[in-house]
Amino acid sequence: MICKELEKAINAQINAEFWSAYLYLSMSMHFANKGFAGIANWYAVQFKEEQAHATIFMNYLNSRDGKVLLAPIAAVDTEWETPAAAFAATLAHEQKVTALINDLNALAVEHKDYATQNALQWFISEQVEEEENARTYIDTLEKIGDNGYGLYMFDKELAARTYVTPAPLAGKE
Ligand code: FEO
């Protein structure tokens, strides 16, 4: 059975993952509205991934006889000046999530909870990828600047992204 302190911290992380999902859904809707169907698609996939992250934590808490408590999801931004501004906000947000995952791991170490440390390893690697993706797009958009054709091609590239079930959820979705 998981200890109360870790149960509370994982519930806070579940809320943070749903907040991330809500943020990326808002970005997806914003860019769909602005005519960037590819960027909207990329953020729609990101929305699904964040829901998957929350589900992985919920399944984990259940498997350790913890109680999932779903708290209200705070409001998110609804406007971004440019795609570059959205990806900069994405990177800043993912860096915050990385810090939350690291804090969670530190708490699991403190409580000598090896199962939680083990479950968090997947998230630690996932955060490296999340930050790298955002950074790559920030670099690309910097090169494109205000070149309309470049932005058109960038949008086309992001249209190709498809959702892949994360490994911890394989066969469970
Ligand atoms: Fe759930 Fe984007 O990290």
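**Exercise 1.** Determine whether D113 is buried or exposed, and identify what its salt bridge joins.

*Solution.* In this predicted model, D113 has a relative accessibility of 8%. The cut-off for a buried residue is under 20%, so D113 counts as buried. Next, the side chain of D113 meets that of R64 in a salt bridge, at 3.1 Å from N to O. R64 lies in the loop between helix 2 and helix 3, whereas D113 lies in the loop between helix 3 and helix 4, so the pair ties together parts that are 49 residues apart in sequence. R64 is buried as well, with a relative accessible area of 17%.

**Exercise 2.** State how E7 and K4 are placed in the helix that holds them, and classify each by accessibility.

*Solution.* Both residues belong to helix 1 (residues 4-33), where they are three residues apart, about one turn of the helix. E7 has a relative accessible area of 10% and is buried; K4, at 57%, counts as exposed.

**Exercise 3.** Carry out the analysis for R135 and E131.

*Solution.* The salt bridge between R135 and E131 has its closest N and O atoms 3.9 Å apart, within the 4 Å limit. The two residues are four residues apart in helix 4, and therefore about one helical turn separates them. R135 is partly exposed at 38% relative accessible area, while E131 is buried at 13%.

**Exercise 4.** Which residues form a nonpolar patch on the surface?

*Solution.* The patch consists of Y149, Y152 and M153, which together have about 350 Å² of accessible area. Y149 lies in helix 5 (residues 148-158) and counts as exposed at 57% relative accessibility.

**Exercise 5.** Describe the lining of the largest pocket.

*Solution.* The volume of the largest pocket is about 170 Å³. Helix 2 (37-63) and helix 4 (114-144) are the elements giving two or more residues to its lining, and helix 2 supplies the largest share, five residues. By class, the lining has eight nonpolar, two polar and one charged residues. Among the lining residues are F57, W122 and K172.

Terms used: Residues are numbered from 1 along each chain as its sequence is written. This is a predicted model: local features need pLDDT of at least 70, side-chain atom pairs count only at pLDDT 80 or more; totals for chains, interfaces and linings use all residues. Side-chain values use heavy atoms; hydrogens and water are left out. On a 1 Å grid over the protein atoms alone, a cavity is a set of points where a 1.4 Å probe fits but cannot get out, and a pocket is an open set with protein on both sides within 12 Å along at least five of seven lines; lining residues have an atom within 4 Å of a point. Grid points are joined across faces, edges and corners, and a volume is the space filled by probe spheres set on the points. Ala, Val, Leu, Ile, Met, Phe, Trp, Tyr, Cys and Pro count as nonpolar, Asp, Glu, Lys and Arg as charged, and the others, Gly among them, as polar. Patches are made of residues with over 30% relative accessible area and no salt bridge: like charges are joined within 9 Å, nonpolar side chains (Val, Leu, Ile, Met, Phe, Trp, Tyr) within 5 Å. Accessible areas come from the Shrake-Rupley method with a 1.4 Å probe; for residues, only the protein chains shown count as cover. Buried means under 20% relative accessible area, exposed over 50%, partly exposed in between (1.4 Å probe, protein chains only).
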